[in-house]
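Hi there,

Here is the structure I promised to pass on. Have a look at it first, and then read on for what turned up.

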Amino acid sequence: MRHTLPLTPQFYVTAPQPCPYLEGRMERKLFTALQGEAATDLNDSLSTQGFRRSQNVLYRPSCADCASCLSARIDVSAFKPSRSQRRTINRNSGLTRRATSPWATEDQYALFRRYLDSRHADGGMADMDVFEFAAMIEETPIRSRVIEYTDDETRDLIGVCLTDVLSDGVSMVYSFYTPDRPRDGLGNYIILDHIEIARAAGLPYVYLGYWVPGSQKMGYKAKFSGLEVYMGGAWQKMRNPDAFEPEQHPLSNDPIAEQVANIALPDMARSRR
């Protein structure tokens, strides 16, 4: 008997767990599987509605009493580098970018471990072993690339970004870089370079993940001009990040059933033809 996937994606909710961005809060996520012939269309559609990809899952924060996590993207046409960002570009002029297929390497994992041990030793990914790392990089049902940055002089691997190619932009799924060059602003540089990647490809947006008002971990995203955040079912221009307050209220989010009902889905049957 041949088994086929349901035409309509099934959505589920994770159990509450401590929020990594707001101390004392619990987070919950709405998610669905990303698989089958319609995976690309589903990823494109849900990415424009605040969802993010992790391996073969699409998820979006759906906390019971908090709506602080806002999906963020940069409008490439509206972006203009600041003086500080231009300096960051100049400081990293000695790096070469190389795009490869999503295949994990020993050099990538070694850099990943150094990055976590230095920057996120207590984070949720701190115990990730080489097999879990390979799964993060390689388990993708859509068009993904690994963008590597190497030093022109030493040939050392300096930075890596797992990047998805969407119909309307590039999505920075996860990036990491050497902790040995703190003054170079490598995290910001990788974003700046992805803006150029999107611009060269004629793609309008760079998706950055989530921005949380008041979170120091996320503050750097608000420094990019052309930033938009997904609020109330629509993308809105970021005008003054200081005007945003973390939204924490028992009625912050609609009930799960209503959230699912309001998700716009692609024509799954057409996608499989």
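A word on terms before the details: contact, or touching, means heavy atoms within 4.5 Å. Please also keep in mind that this is a predicted model.

With that in hand, let's start at Val206. Leaving aside residues up to four places away in sequence, Val206 touches Ala72, Arg73, Ile74, Val76, Val170, Met172, His194, Ile195 and Ala198. Val206 also belongs to the largest nonpolar core, which has 58 residues; the members that touch the most others are Val206 itself along with Ile74, Phe112, Phe133, Phe176, Ile195 and Trp211. Helix H5 (residues 186–201) supplies the largest share of this core, with eight residues. There is a second, separate core too, made of 10 residues, among them Leu30, Leu34, Leu46 and Ile142.

Now for the sheet. Eight strands form an open sheet with mixed pairing, in the order E8-E9-E10-E11-E12-E7-E13-E14. Strand E8 (95–100) and strand E14 (234–237) are at the edges; each has a single partner strand, so one side of each has no neighbour in the sheet. From one strand to the next, the twist averages 30°.

Within the sheet, strand E7 (residues 70–75) pairs with strand E13 (residues 227–231) in the antiparallel sense, over three bridges. Ala72 has Val229 in E13 as its bridge partner, and Ala72 is also one of the residues that Val206 touches.

Finally, helix H1 (residues 39–47) packs on the sheet, where it touches strands E10 (157–166), E12 (205–211) and E14. The direction of H1 makes about 100° with that of E10.

Enjoy exploring!

Best wishes

Methods: Residues numbered from 1 in each chain as written. Predicted model: local features only at pLDDT ≥ 70, side-chain atom pairs only at ≥ 80, totals over all residues. Heavy atoms only, no water. Core = buried A, V, L, I, M, F, W, Y, C linked by side-chain atoms within 4.5 Å. Buried < 20%, exposed > 50% of the residue type's maximum accessible area, 1.4 Å probe, protein only. Helix = DSSP H or I, 4+ residues; strand = E, 2+ residues; numbered from the N terminus. Pairing = 2+ DSSP bridges. Axes fitted to C-alpha atoms, helices over the stretch in contact; angles between N-to-C directions.
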